[in-house]
Amino acid sequence: MAATRGDAPPVFEQLRWTAPGAELALLSGQPAACLAPGDDALVRSGRALFGAPTLLGGQAAKAGLSCASCHINGRGNPHFLLAGVSASPGTADVTNSFFSAVRGNARFDPVVIPDLAMPGKISRDPDTRALEPFIRNLVVEEFGGQEPTPATLEALAAYVRAVRPCTSERTAARGLDDQLGALDDGIAGAQLMIGRGDRQGAALSIAAMRHQLGLIAERYAGRGFARERGALLTASRELRAIGEISDPARFAAALDRWKVAFDKGAAKRLRRAEERSLYDTGHLAQSLR
Ligand code: HEC
């Protein structure tokens, strides 16, 4: 898990693909998230998987990159810059051999990362089901990931279809609630997948949750936060153990218990310390100097 040493300077995974000079902007703000109305477990499940680096294989997963790194909240990322993949901030070449030896087309042709809330090349119409094979090819051929299960593809496509442009605020501040919300999405996703007998999808959902815990730990760097980081590490290990439970009913019950204990313990502690943490823009700015 990132940033577990109390005396080390903060390390933010996302800065590996962030344009120099845009660090504070990227870590303190984000394109606003707007979704089609309704609380749909499939959409939440897709949103969790969208943030899971292990969905993508190879170099992308190693770097900690997920769909959400380029499409923050399903939108774009004007600060995205990765050597060999981007030409200028906000662009990427997804057919690059950096990601996959299979699909790399040997041409360097980065384009602006599209906002998935806007109509694009790929139809969002659920009847045509054009998104599912498109996403499947992205994962397997562009990024060299493992073949996604049908439920994984269905969830990702449902999420992409639910992304909407926001009518009022274009950007939003980042905070602990982003990660706590993502953990809830991960639970919804893991329960949905295990309910469908999809162990691979459930494992990815657990991995997505553990990744979110790592993102929280980055914000509680420094000597004053040893207990917060300890609680996060414990929570992450418990999730790993739950991921190894093979009986679906026991898996589901263990995850429910984990959630209750996490909300009562770690989440409360994290909330109390949020103002002192690097979720606070002032502290964050200071740490980046
Ligand atoms: C490295 C940055 C990057 C990552 C990671 C990434 N994308 Fe994209 N995505 C792009 C770019 C750039 C395009 C535009 C490609 C083009 O137009 O040729 C795109 C296009 C798309 C489109 C088509 C939009 C349209 O025009 O209709 C969808 C849908 C999409 N991405 C979903 C995903 C999903 C799902 C994932 C994760 C499996 C993902 N993307 C990961 C950069 C990225």
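**Terms and their grounds**

Author: Helix α5 gives the largest share of the shell around the ligand, 4 residues. Helices are DSSP runs (H or I, at least four residues), as strands are (E, at least two), numbered from the N terminus. The model is predicted, so local features need pLDDT of at least 70 and side-chain atom pairs count only at pLDDT 80 or more, while totals for chains, interfaces and linings use all residues. Residues are numbered from 1 along each chain as its sequence is written, and side-chain values use heavy atoms, with hydrogens and water left out.

Reader: Which residues come nearest to the ligand?

Author: C67, C70, H71, K121 and R124 come nearest, out of 23 residues around the ligand. A residue is near a molecule or strand if one of its heavy atoms lies within 4 Å of it.

Reader: Why is the pairing of D177 with R271 called a salt bridge?

Author: The term requires a side-chain nitrogen of Lys or Arg within 4 Å of a carboxyl oxygen of Asp or Glu. The closest N and O atoms of D177 and R271 are 2.9 Å apart, and therefore the pair qualifies. The two residues link distant parts of the chain, 94 residues apart: D177 is in helix α7 and R271 in helix α11 (residues 266–273). A search of the whole structure finds 12 salt bridges.

Reader: How do you know whether D177 is buried or exposed?

Author: Buried means under 20% relative accessible area, exposed over 50%, and partly exposed in between (1.4 Å probe, protein chains only). D177 has 51%, so D177 is exposed. R271 has 45% and is therefore partly exposed.

Reader: Why does the pair of E141 and R136 count as a salt bridge?

Author: Their closest N and O atoms are 3.3 Å apart, so the pair meets the criterion. E141, at 23% relative accessibility, counts as partly exposed, and R136, at 22%, does too.
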